[in-house]
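Here is a short report on helix packing and charged pairs. Look at the sequence and the structure before reading on.

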Amino acid sequence: MRKVGKSIFYEDSEEVKQEPSDGIVEARNAILVTEAEYLGHLKVLTEAYIKPLTPMLSDIESQQLFGNIESVIKSSEKLVEELSMTWTSNDMYNVVVEAAATYLHEYVQYCSGLPTALSLLERLLNEREEFRDKVCESEGNVRGIGLQSCLLKPFQRLTRLPLLFEPLKSAGEPVTPVISAITKENSSCRRSSSFYVDL
């Protein structure tokens, strides 16, 4: 019997020994693939926007606009790394539960500053021509992926993540603790951000 951290799934159970169906394999893979794609969007935010825009902002403005996005990126990198090693087994579910219990709280901190970030972005675009021109230039360099869209990605990802586990739940996989753990962080994000994003 092998555990991953505070494991709630046991590798030597009869259910785990069975070969997963194609649907289960596809659903697990979708979680890994979409997390990697989401991480790619966060890196676009860093390369296309944070690096060129930060010199144009005060330290306070930079902190308000981008918050703790670097910590969020590190969280996603860690999750992608761990999912890539476990997605073929039930250990994958342990990884996500532990992520929700440890470093996904970075998302709550990020979301708490998101209303301020979006308000500041609107003001900067309206009041600073140089800033607006740089944002437009950066957007053109990344095929129209806007700064506001990038800033919303962490909130949207945490909201959508539980939905990716629903096909696994329907297939009888033991993912209820996973969905509950993510939903808890999701609820904290919504409360801390004090706004609703239509997804």
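## A pair within helix 4

The side chains of K78 and E82 form a salt bridge, with N and O 3.7 Å apart. The model is a predicted one. K78 and E82 both belong to helix 4, which covers residues 69-86. They sit four residues apart, so about one helical turn separates them.

How accessible are the two partners? K78 has a relative accessible area of 37%, so K78 is partly exposed. E82 has 22% relative accessibility and also counts as partly exposed.

## A pair within helix 8

Side chains of opposite charge can pair when their charged atoms come close.

E137 is partly exposed, at 45% relative accessibility. K134 is partly exposed as well, with a relative accessible area of 25%.

## A pair across the chain

How many salt bridges does a search of the whole structure find? The search finds eight. One of them joins E61 and R128, whose closest N and O atoms are 2.4 Å apart.

Is E61 buried or exposed? E61 has a relative accessible area of 10%, and the cut-off for buried is under 20%, so E61 is buried. R128 is partly exposed, with a relative accessible area of 28%.

Helix 3 itself spans residues 59-66. Leaving aside residues up to four places away in sequence, E61 touches L120, R123, L124 and R128.

## Helix 2 against helix 8

Two packed helices are described by the angle between their axes and the distance between the axes. Take helix 2 (residues 22-53) and helix 8 (residues 129-141): their axes come within 9 Å and cross at roughly 160°. Helix 2 is therefore roughly antiparallel to helix 8. The cut-off for that term is an angle over 145 degrees. The crossing of these two helices is right-handed.

Which residues of helix 2 and helix 8 meet? Helix 2 brings A48, Y49, P52 and L53. Helix 8 brings F131, K134, V135, S138 and E139. In this contact, six residues are nonpolar, one is polar and two are charged.

## Helix 7 against helix 9

Now turn to another packed pair. Helix 7 and helix 9 (residues 147-164) pack at an angle of about 180°. Their axes are 11 Å apart. The two helices are therefore roughly antiparallel to each other.

On the helix 7 side, the contact is made by L114, L118 and L121. On the helix 9 side, L147, Q148, L151, L152 and F155 take part. How do the residues of this contact divide into nonpolar, polar and charged? Seven are nonpolar, one is polar and none is charged.

Key. Residues numbered from 1 in each chain as written. Predicted model: local features only at pLDDT ≥ 70, side-chain atom pairs only at ≥ 80, totals over all residues. Heavy atoms only, no water. Axes fitted to C-alpha atoms, helices over the stretch in contact; angles between N-to-C directions. Parallel < 35°, antiparallel > 145°, perpendicular 65-115°, else oblique. Left-handed = near helix turned anticlockwise from the far one by under 90°. Contact = heavy atoms within 4.5 Å. Nonpolar A, V, L, I, M, F, W, Y, C, P; charged D, E, K, R; others polar. Buried < 20%, exposed > 50% of the residue type's maximum accessible area, 1.4 Å probe, protein only. Salt bridge = Lys/Arg side-chain N within 4 Å of Asp/Glu carboxyl O.
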